[in-house]
Protein chains: 2
Amino acid sequence: MDALQLFFEESHQLSQRDLGYLVDHFEKVSVPKGTVLFEQGAIVDAVYFVGEGVLHHYNYNEEGQKVTLDLHEGPCFCTNLESFSERKICQDSCVALTDCTLYILQKAKYDTLVNTNVKWSNFAKDIIAKTLMKMLNQLKAVSNKSIEQRYLELLKNNPLIVQNASIAMIASYLGTSRETLHRIRRRNILV
Amino acid sequence: MDALQLFFEESHQLSQRDLGYLVDHFEKVSVPKGTVLFEQGAIVDAVYFVGEGVLHHYNYNEEGQKVTLDLHEGPCFCTNLESFSERKICQDSCVALTDCTLYILQKAKYDTLVNTNVKWSNFAKDIIAKTLMKMLNQLKAVSNKSIEQRYLELLKNNPLIVQNASIAMIASYLGTSRETLHRIRRRNILV
DNA sequence: TTGTTAGTGTGTCATTTGACACAATTGTTG
DNA sequence: CAACAATTGTGTCAAATGACACACTAACAA
């Protein structure tokens, strides 16, 4: 079973006909570790659904240091919404940390989809709303948890991320230094 | 000029006819300081647009302490999206810290709007997408800034929030302790 | 093999933070 | 006004953190 189809079946109730119609708008590709999905300075012209694999989503701060914005583990959607929907120059980059199975929805096909039928417009609205809710819930969770708790949960829930991202990426993602994350790992060496 | 109308005119290009049609779905009310917009345990059945005023959006963590999720200053939208769109029991509360001018869009009217016409569905999608982008940009900003920088920016950009929220609310909002925020204020007494 | 580079592990130390205790101030109610 | 509650201001101290410096390891190319 295709990862994309499976994802939509579990998250939204669609008829087989609608499901097929929707999935046909995506292009399935397999890409190797190191592939750049989108990059600082360009316009992001697609939404990516990651079937399998891990992505590093980052940008550079004023001091020129890489800052990890997110570490994605499939199945999940990934794009830069601001660049994609408003055709702005993107300030972030996104790179595959493992070989990935991607399903690509080009901007032109997306636009046709959401402008022709209220069903698909509401469908897109739903996905964006769910993304927003997930983010808000994450923020809520973060505010009550120590870096150590968050690292241990990442290890438990997303072992692929911990395996494939460097300690520096993860430290930046958790909002701490490489050294502090190392102390945490040493303390929890048994876990 | 109505705050709601002004907001839509600046953020979206709509015909006068569409603008009027849209605004007619909202009910304008003035409420005093202390008014509860929505509350833990209930289902949020409206979207609120705050014309003028300041809101405290919070919940309780496992230890039973109030945690500030957000401090809103009008003009802005406010609701609990998860409760509103999926009719779930809300875990947060939202209370007016000042007298407020509110524009209320009931769930039933919202549903009619987004289900009848692809224009309004895309309009709602846009607002949700903008909210998500704003949140992502805030997160990006936060990761590079100290609590002190963030407090000083809040003071500069949202003086009404600093004036009307307690030091404890703001400390929780910034993710630090009351004492630390106090040290920051003492250091920057001249600002 | 050697050299090079990127990433990781480690120790030291000055600073910052949170927690706690309590004083001072403000606001509210009878 | 007095009494009380809520909020804010303050000092002390142990613990956590970031910054820095450098050793160690792994991967890779020449």
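How many nonpolar, polar and charged residues does the surface near DNA strand C have?

1. Basis of the note. This is a predicted model, in which local features need pLDDT of at least 70 and side-chain atom pairs count only at pLDDT 80 or more, while totals for chains, interfaces and linings use all residues. Residues are numbered from 1 along each chain as its sequence is written, chains are lettered from A and ligands numbered from 1 in the order in which they are written, and side-chain values use heavy atoms, with hydrogens and water left out.

2. Composition of the DNA-facing surface. The surface near DNA strand C has two nonpolar, five polar and six charged residues. Here a residue is near a strand if one of its heavy atoms lies within 4 Å of it. Ala, Val, Leu, Ile, Met, Phe, Trp, Tyr, Cys and Pro count as nonpolar, Asp, Glu, Lys and Arg as charged, and the others, Gly among them, as polar.

3. Where that surface comes from. Helices H8 (167-174) and H9 (178-187) of chain A, and helix H9 (178-187) of chain B, each supply at least two of its residues. The largest share, five residues, comes from H9(A). Helices (H or I, at least four residues) and strands (E, at least two) are DSSP runs, numbered from the N terminus.

4. Approach to the DNA. Of the 13 residues around DNA strand C, those that come nearest are Ile167(A), His182(A), Thr176(B), Glu179(B) and Thr180(B).

5. Phosphate oxygens. Chain B places polar side-chain atoms beside phosphate oxygens of DNA strand C: that of Thr180(B) lies 2.5 Å away, and that of Thr176(B) 2.8 Å away. For Ser177(B), a side-chain N or O atom is 3.2 Å from a phosphate oxygen.

6. Links across the interface. There are four salt bridges between chain A and chain B, each a side-chain nitrogen of Lys or Arg within 4 Å of a carboxyl oxygen of Asp or Glu. In the salt bridge of Lys140(B) with Asp92(A), the closest N and O atoms are 2.9 Å apart.

Methods:
Polar contact = N/O pair within 3.5 Å; in protein donor to acceptor, adjacent residues only side chain to side chain.
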